[in-house]
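Dear colleague,

Please find below the structure for your review. My notes on it follow.

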Amino acid sequence: MKRKLIKAFCMAGGLALLITMGTSNTSMAADDREFSRGGRLEGAWNTQVSIIDCQSGNVIFTFANMPVFMAGGTMVEATSGTAPALRTQGEGVWRHTHGHDYAFRFKSFTFNAQNVFTGWMIIQADARLDRTGDAYTSSATIEVYNPNGVLVGTGCAETAGTRFEL
């Protein structure tokens with residue numbers, strides 16, 4: 001009788017362990033499913049952008065930036081790196097690529113101090129969210145075009161950001 005009772009407790013304990021493991025795997029799978037849908041990047045972000053020398057990796061200057069990633073894959077961004085009179089906000093697109101990885105691309109128009117159109121910039125970045133989904137880092141390329149659409153310069157940037165929350 002004592003053996004049957006011990007066997008029953010062991011089976012119940014084993015079953016409880018399996019259920020717990022199954023629940024934790026289900027939670028993990030749900031987390032992975034959320035990342036696979038790409039929704040974790042949605043929202044507003046406080047970021048620090050560092051413009052870097054593409055060859056040496058040395059930081060040239062750093063400034064605050066605020067990208068907003070919207071449902072459906074569009075985005076806007078505002079920057080403190082250039083005066084608003086000299087550059088429009090960036091507007092672009094983003095997508096989930098795999099796991100915690102995302103890609104985004106945006107364009108902004110540039111002007112000189114006399115308010116004359118001088119061209120545009122296209123920034124293309126690859127971002128990686130941390131496991132919490134509340135921070136990301138990215139590396140980017142910058143292309144600078146003149147008003148005729150001729151590429152006149154390129155650059156590199158790195159970004160670190162945290163979610164802007166209420």
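In strand S5, Lys 107 is the bridge partner of Glu 91. Strands here are DSSP runs of E with at least two residues, numbered from the N terminus, and two of them pair if DSSP finds at least two bridges between them.

This is a predicted model, in which local features need pLDDT of at least 70 and side-chain atom pairs count only at pLDDT 80 or more, while totals for chains, interfaces and linings use all residues. Residues are numbered from 1 along each chain as its sequence is written, and side-chain values use heavy atoms, with hydrogens and water left out.

S4 and S5 (residues 101-111) run antiparallel and are joined by seven bridges. Two residues lie between the strands of this hairpin, and Gly 99 there has a positive phi near 55 degrees. S4 (residues 90-98) also pairs with S3 (residues 74-79), in the antiparallel sense, over four bridges. Val 93 in S4 stands opposite Thr 74.

Thr 110 belongs to S5.

As to confidence, the protein chain averages a pLDDT (the predictor's confidence in each residue, from 0 to 100) of 84, and 77% of the residues score at least 70. Over residues 1-31, pLDDT stays under 50, and the model has three contacts beyond four places in sequence for them. Where pLDDT is low, the predicted coordinates should not be read in detail.

Kind regards

Definitions and conventions:
Contact = heavy atoms within 4.5 Å.
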